[in-house]
Amino acid sequence: MRLDCRNAQKMIAPFLDDELDDHDCASFLNHVRSCPRCMEELETFFMITYALEYLDDESNRSFDIKELLRERLYRSDRKLSRHQLFSFFLWMLIIALGVAIVLLILMVFFPQFLPETAATLRDQFFSLLPL
């Protein structure tokens, strides 16, 4: 889904508060990276929201608001990548379990369709189970 500037600007505060779901966050990040006006709005909002927090910090670290925002955008990208990878592996696991369950059902209830060696393996397997 292509995000327009008005909706992207409404998402700035929820983005900074880490309240966007993965889909909205990805749409937001894609939009602000391709729209200089919205990136400037994000930088301004980030500076207003978080500048005082960093200025009040008594450590002697450097105060580079653009670098702090780049770090925040990078962390959001990493989080999205981890969630997408986790979702992919979860779906692969669900599919593999589904296939295994279907094969097990076929082995148990429809042994006539199994090759002779598979039927023998099935009988050996079930003979090992304590019943």
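Helices α3 and α5 are oblique to each other, and I will start with that pair. What you see here is a predicted model.

Two packed helices are described by the angle between their axes and the distance between the axes. For α3 and α5, the axes come within 11 Å and cross at roughly 140 degrees. Anything over 145 would count as roughly antiparallel, so this angle is classed as oblique. The crossing of α3 past α5 is left-handed. On the α3 side, the contact residues are D22, C25, A26, L29 and R33. They meet L73, Y74, S76, D77, L80 and H83 of α5.

Now the aromatic rings. How many aromatic pairs does the structure hold? There are two.

One of them joins F15 and F28, with ring centres 4.8 Å apart and 35 degrees between the planes, which makes the pair tilted. F15 sits in helix α2, residues 12-16, and F28 in α3, residues 22-34, so this pair ties together parts that are 13 residues apart in sequence. Are F15 and F28 buried or exposed? Both are buried. F15 has a further neighbour to point out: R72 lies over the face of its ring, at 5.3 Å from the ring centre.

F88 has a relative accessibility of 46%, so F88 counts as partly exposed.

That covers the helix crossing and the rings.

Note on methods. Residues numbered from 1 in each chain as written. Predicted model: local features only at pLDDT ≥ 70, side-chain atom pairs only at ≥ 80, totals over all residues. Heavy atoms only, no water. Phe/Tyr/Trp six-rings, centres within 6.5 Å; stacked < 30°, edge-to-face > 60°. Helix = DSSP H or I, 4+ residues; strand = E, 2+ residues; numbered from the N terminus. Buried < 20%, exposed > 50% of the residue type's maximum accessible area, 1.4 Å probe, protein only. Lys NZ or Arg CZ within 6 Å of the ring centre and 35° of its normal. Axes fitted to C-alpha atoms, helices over the stretch in contact; angles between N-to-C directions. Parallel < 35°, antiparallel > 145°, perpendicular 65-115°, else oblique. Left-handed = near helix turned anticlockwise from the far one by under 90°. Contact = heavy atoms within 4.5 Å.
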